[in-house]
Amino acid sequence: MYGRYCHVCGQENLEPKETVWHLVQHFFNDITHFDGKFFATVKYLLRKPGFLSGEYVAGRRASYLNPIRMYVFTSAIFFVILFALKDPKDMVNMKETPDKRETVAELLQEQTKLQKDLAGDEDRGDSASTERDMTRLGIQLAAIKKYYGDTTKRTFTETDLDMLLSRGIKDSLPEAKQLLSGLPQKDQQKVTRAIRRYSAVKRDTVGENDESQANFFGLSGERYKKIETYDSAEQALPDSLRDGWLERRVIHKIIAANIAFRKDPKEYFSHVAENIMHSIPKVLFVSLPLFALILYLVYIRRRKTFFYVDHGIFAIHLYCATFILTMTAILIYQLVHAVGLGWVKVIGGILIFALCLYIVIYLYKAMRGFYRQRRFKTFVKYCIVCGLSFIINSIIFVIFILLSVVSV
């Protein structure tokens with residue numbers, strides 16, 4: 001610096017000696033300035049859909065909160081509240097009730113009941129389902145007699161019976177052949193569907209009774225118990241028959257997911273649910289520029305009036321309004337259930353319904369306010385935008401779910 005002011009930036013040549021109180025004043029001034037703009041912006045955002053986007057495009061921006069800052073603030077508050085109120089583990093409802101166990105005598109009673117039901121169904125001409133159940137039960141009883149003898153004390157779970165059904169068909173028991181031959185072709189397929197669960201091609205790396213496997217993408221990772229086993233099997237193959245780099249990476253993830261699933265299914269699904277919940281902000285962040293692209297394509301004939309960035313600002317304001325309205329509905333729901341009074345529930349239900357309805361029509365009103373086209377044309381474009389955004393968001397969400405499943 002030369003003299004009192006800097007010759008480059010013009011800043012006064014002073015050594016700032018700020019007190020703690022001065023810093024506190026700066027902090028509260030920034031917060032209150034931000035809050036003042038925020039509430040003024042929210043008022044126009046909710047009461048006049050599309051107005052803020054129009055003001056921003058027209059250059060009148062000083063009186064309102066910057067769209068980017070508003071998106072960051074509203075989305076952060078929304079997801080903090082959402083994650084605070086909803087534990088991802090609550091999404092997993094795996095009741096640890098023991099499997100129902102049945103004796104041979106109970107299975108025989110069930111068979112007698114089915115025979116009576118079959119006689120009544122034949123009068124009504126609706127016997128296909130009962131015949132299918134009788135065939136299934138007959139094969140299971142034949143398999144029990146074949147593999148366990150005339151047992152009376154042994155009990156069988158539903159899983160045991162499914163495995164006996166599969167084994168009886170695979171081993172071509174005479175009783176199974178006879179029972180299946182009496183069914184129509186489509187019913188035979190329904191009866192033998194259990195085979196797909198229990199007769200997958202298995203190598204010596206999978207135990208005979210190890211049936212709890214998570215299968216993904218239709219790849220063969222479920223055949224292996226360990227990643228090392230798969231790598232060894234790949235090394236034994238010639239280069240031309242080995243899986244590609246990407247397929248190997250995916251199968252490694254699948255095997256790791258299978259290991260976690262076999263170890264503790266409930267904990268595995270809890271982690272998956274947590275990953276999915278924490279993927280929602282990412283899904284919305286990724287979908288925002290794609291939503292703006294949809295708007296750009298729908299209004300392609302007005303590309304000289306509205307640039308892609310203008311559609312992006314409109315999308316940001318739309319997302320901010322959706323966050324605020326949804327957050328309000330969630331808080332009302334929590335308040336209603338905390339109070340528990342009947343009349344409060346009625347009023348709360350009406351308010352939540354009104355908010356949900358407003359969320360649905362908000363986009364239409366915002367498109368009318370921002371793009372200023374006639375009602376019918378706006379409604380047609382509203383339907384197109386909703387349809388395309390639903391498809392794209394669904395694809396993005398499915399991708400994130402699949403990534404969540406294999407990244408536990």
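Trainee: Is Thr74 buried or exposed?

Mentor: Start with the cut-offs. Buried means under 20% relative accessible area, exposed means over 50%, and partly exposed is in between, with a 1.4 Å probe and protein chains only. Thr74 has a relative accessible area of 2%, so Thr74 is buried. This is a predicted model: local features need pLDDT of at least 70, side-chain atom pairs count only at pLDDT 80 or more, and totals for chains, interfaces and linings use all residues. Residues are numbered from 1 along each chain as its sequence is written, and side-chain values use heavy atoms, leaving out hydrogens and water.

Trainee: Where is Thr74 found?

Mentor: Helices (H or I, at least four residues) and strands (E, at least two) are DSSP runs, numbered from the N terminus. Thr74 belongs to helix α3, residues 67-85.

Trainee: What does the side chain of Thr74 reach?

Mentor: Think of polar contacts. These are pairs of N or O atoms within 3.5 Å; within protein, one must be able to donate a hydrogen and the other to accept it, and residues adjacent in sequence count only if both atoms are side-chain atoms. Here the Thr74 side chain reaches the backbone oxygen of Tyr71, at 3.3 Å.

Trainee: How many aromatic pairs are there?

Mentor: Rule before count. Rings of Phe, Tyr and Trp (its six-membered ring) pair if their centres lie within 6.5 Å; planes under 30 degrees apart count as stacked, over 60 as edge-to-face and the rest as tilted. By this rule the count comes to 20. Phe38 is buried, at 11% relative accessible area. Phe39 is exposed, at 55%.

Trainee: Why is the pair of Tyr358 and Tyr362 edge-to-face?

Mentor: The planes are at 85 degrees, with ring centres 5.7 Å apart, so the pair is edge-to-face. Both residues sit in helix α14 (residues 342-371). They are four residues apart there, which means a separation of about one helical turn. Tyr362 counts as buried, at 3% relative accessibility.

Trainee: Which residues do ring pairs link into a cluster?

Mentor: Tyr299, Phe306, Phe314, Phe370 and Tyr371.

Trainee: Which residues lie over the face of a ring?

Mentor: A charge sits over a ring if NZ of Lys or CZ of Arg is within 6 Å of the ring centre and within 35 degrees of the ring normal. Lys48 lies over the face of Phe51, 4.2 Å from the ring centre. Arg61 lies over the face of Tyr56, at 4.0 Å from the ring centre.

Trainee: How many salt bridges does the structure hold?

Mentor: A salt bridge needs a side-chain nitrogen of Lys or Arg within 4 Å of a carboxyl oxygen of Asp or Glu. The structure holds one. It joins the side chains of Arg60 and Glu55, at 2.9 Å, N to O. Arg60 is partly exposed, at 48% relative accessibility. Glu55 is buried, at 10%.

Trainee: Which residues make the nonpolar surface patch?

Mentor: Patches use residues with over 30% relative accessible area and no salt bridge: like charges are joined within 9 Å, nonpolar side chains (Val, Leu, Ile, Met, Phe, Trp, Tyr) within 5 Å. Areas come from the Shrake-Rupley method with a 1.4 Å probe; for residues, only the protein chains shown count as cover. The patch covers about 990 Å². Its residues are Phe376, Phe379, Val380, Ile384, Leu388, Phe390, Ile391, Ile395, Ile399 and Leu403. Ile395 lies in helix α15, residues 375-406. At 48% relative accessibility, Ile395 counts as partly exposed.

Trainee: What is the phi of Arg372?

Mentor: Most residues other than glycine have a negative phi. Arg372 is not a glycine, yet has a positive phi of about 55 degrees. Arg372 lies in the loop between α14 and α15. It is exposed, with a relative accessible area of 67%.

Trainee: How many residues apart in sequence are Ile324 and Ile77?

Mentor: Compare sequence separation with the C-alpha distance. Ile324 and Ile77 are 247 residues apart in sequence and 9.1 Å apart in space, C-alpha to C-alpha. Ile324 sits in helix α13, residues 308-339, and is buried at 10% relative accessibility.

Trainee: Where is Leu173 placed?

Mentor: In the loop between α6 (158-170) and α7 (174-181). Leu173 is buried, with a relative accessible area of 6%. Leu173 and Ala143 are 30 residues apart along the chain, with their C-alpha atoms separated by 7.7 Å.
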